[in-house]
Structures are given as C-alpha cells and as structure tokens.
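Colleague: I have not looked at this one before. Can you walk me through it?

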Amino acid sequence: MSKQYLQTHTISSAHPTDIFSLAVTAAHILSASGSSSLRVHSTASAANPDTEDPYPLTQTLEGAHKLGAHHICASRDGKRAASAGFEGSVKVWEVDESGAWRSIGAIVDNAKSGEVWAIALSEDGKYLAGTSYDGRINIWDVSTPGAEGGGKKIREFETKGSFGMSIDISPDGALTASGHASGSIYIFSNSTGRLVHSLPGLLKPVRAVTFSPGCRYIAAAGDSKVVALYDVRSGEQVANLSGHRSWVMSLDWSTTGEWLLSGAHDGKAKVWSIERRECVATQTESEKTLWAVKWLPKTAGMRNETFATAGANRSISFYREASGT
C-alpha cells in the first residue's frame, strides 16, 4: 500500500545559497546554508491549511558563521540547537520563553576547517557530539561552560582515521553512532567509552546515520544508494532498503518510528515503511540535490504527517500526507 504526500507550501529563496541542513522543534524549523546567517521559521500555523503563510520567518541569526554553516541540529526537547560552520567552529543556541533563539557559547577546536563536521545533540540538549576529518568522535558537555564558553569536552572516541561524515546520539543518551567516508559505521557506549559495534555492509561513504525513536534500529545511507537498517542491540544488518538511484544525503525517522524519510542527490525524497521494508512514497520537487529532509513533530491540531526538504534549489518545501491514504 502506497502513501500520498502533497506539496503544500514552498519557501522560495529561503537562503541566498544552498541549504545544507535543517533542524526542527515543535515550534520552529531552523535552516543553515552557505551564507553567514541562520534562519528560523515558525511552524505554529502549519496545522491550519487556510493560512496564507504557514511558516513565517521569525528570526534571522545574522553573522552566525562567517563562511556559512554545513550542519545544524536541535535537541528533541526543542530547547537547544547547535550549528557547525565551514570556518571550524560550533555555536550553541538556546530558545527563550518568547521563542527567540540566542547564542550561549561556541566550541572552537583550534578553529580548523573540518575539525568539527557533523554534529548531534542529546535529547535534553546537555551533550553535543561531533565528528572530525581524521575520524575522531568528540563529546562535549554544553551545560558546563568551557574555556570558550560553549562546553567542556568529556569524551573522545577513536576510529580508524576515516573522515566522519555523519553522527547521531541515541534518544536514551546511551549510544553515539558515526558514519565515515570509508563506509564504516561505529557505535560507542557513552557511559564506558567502549566500541559496542562496528557495522558492516555499505563500503562507500556514509552520509547519514540515525537512531530510531525507540533505539531498536539504526539507519545508515550514503554513496551506496542503499538505506541499511541495523538492529542496535545485536549489530546485525536486518534490511537493505533499495530504490534510490543516487547518493542518499539525509535520513530522518518519524515520531513513531513507523516511517523513515530519505533525501538524495538527484532531488528525490522517499518515505519507507519499516514494517514492510519498502518504499511507500517518492517525491521529486526538482532535479537538484536534497541536502536535508526532516519530519515535523506532530503538534496539537496537526493530524497528518508533514515533512520538509531543502537543498541546492535554496528553497524549503513542505509535504503533507493526503487524507485517506
């Protein structure tokens, strides 16, 4: 059984350059691009189909990263975000009671480009994980200001030296997973610092790794064009989701873990049923690269699933599940 998603809105020219990353909370969608500013759009009116501007721009974080930002992430509780810039720094952001985001510090590891690449925040926003060009995985406590005011490094995991392209922290905070240019995927225990699993199967660069909401699975994808699904407890590869004809750039789980969203270099976004292990919907907004895809959290009044895509066309597009599918 297929599902149908309708494109409901597009924010044209949301940034002046490619949009490389999206982060979502219950109230906002944050975007990062090759330009120096981050942008914040509200999702408060998204549930009302008659709203003329359902995702209004509410804040522009001017000069956040002078050379642009390649990653942005948000904690699952929606209170913190972090952004990584091409100049090598990471900035940590916090939202106040009025809904405005402000910088609360920066992590600068020698300010080298690529020293911090992919980033992920823990569910409560207290811990930040980041990959590096030489394969190291670093964990910072961003609730404890360090020398730069942004956090104290508390762990450093060593891999086999391959560029870390993607990272995620499990929802329960117990594990950190990283995907590398060598095709390797590693899962570490945050409490012991030990390697839990070295996962096989992809062989080519891994551009996205993500834990399912219940921590049962981890999904990984990249230049192999296949989305690999692993059992977190055993490390066993349980499925290959095939159908993309181009590199997979981004992955995201739905709130319930029933659906997995993927975005590819050829502009196609796919929705996968985890139960059936098959693609149930394909959307193509353009032939330009989708750098980022994200489900929007379900909020009061939002009955249908909604996801957002962004990439080389410099726009953010929104898709909602059609009623009756």
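Modeller: Start with Lys 294, which stands opposite Ala 308 in β27. Five bridges join β26 to strand β27 (residues 306–311), and the two run antiparallel. Strands here are DSSP runs of E with at least two residues, helices are runs of H or I with at least four, and both are numbered from the N terminus. Two strands pair if DSSP finds at least two bridges between them.

Colleague: Before going on, what kind of model is this, and how are residues numbered?

Modeller: This is a predicted model, in which local features need pLDDT of at least 70 and side-chain atom pairs count only at pLDDT 80 or more, while totals for chains, interfaces and linings use all residues. Residues are numbered from 1 along each chain as its sequence is written, and side-chain values use heavy atoms, with hydrogens and water left out.

Colleague: Back to β27. What is the strand order in its sheet?

Modeller: The order is β1-β28-β27-β26, an open sheet of four strands with antiparallel pairing. β1 (5–11) and β26 (290–295) are at the edges with a single partner strand each, so one side of each has no neighbour in the sheet. On average, neighbouring strands of this sheet are turned by 20 degrees against each other, direction ignored; the axes are lines fitted to C-alpha atoms, for helices over the stretch in contact, and angles run from 0 to 180 degrees between N-to-C directions.

Colleague: What does Ser 250 contact, leaving aside its neighbours within four places in sequence?

Modeller: Ser 250 lies in strand β22 (residues 248–253). Its contacts (heavy atoms within 4.5 Å) include Trp 291, Ala 292 and Val 293, as well as Ala 208 and Leu 261. A polar atom of the Ser 250 side chain lies 3.2 Å from the backbone nitrogen of Val 293.

Colleague: Is Ser 250 buried or exposed?

Modeller: Ser 250 counts as buried, at 10% relative accessibility. Buried means under 20% relative accessible area, exposed means over 50%, and partly exposed is in between, with a 1.4 Å probe and protein chains only.

Colleague: Another topic: why is β15 described as largely enclosed?

Modeller: Six of the six residues of β15 (residues 175–180) are buried, so the rest of the structure largely encloses this strand. Leu 175, Ala 177 and Gly 179 are buried on one side, and Thr 176, Ser 178 and His 180 on the other.

Colleague: Which strands pair with β15?

Modeller: Strand β14 (residues 164–169) is joined to β15 by five bridges and runs antiparallel to it. β15 also pairs with β16 (residues 185–189) in the antiparallel sense over five bridges. Gly 164 has His 180 in β15 as its bridge partner, and Ser 178 has Tyr 186 in β16.

Colleague: And what about the turns?

Modeller: The hairpin of β14 and β15 has five residues between the strands, and Gly 173 in the turn has a positive phi of about 75 degrees. The hairpin of β15 and β16 has four residues between the strands, and Gly 183 there takes a positive phi near 95 degrees.

Note on methods:
A polar contact is a pair of N or O atoms within 3.5 Å; within protein, one must be able to donate a hydrogen and the other to accept it, and residues adjacent in sequence count only if both atoms are side-chain atoms.
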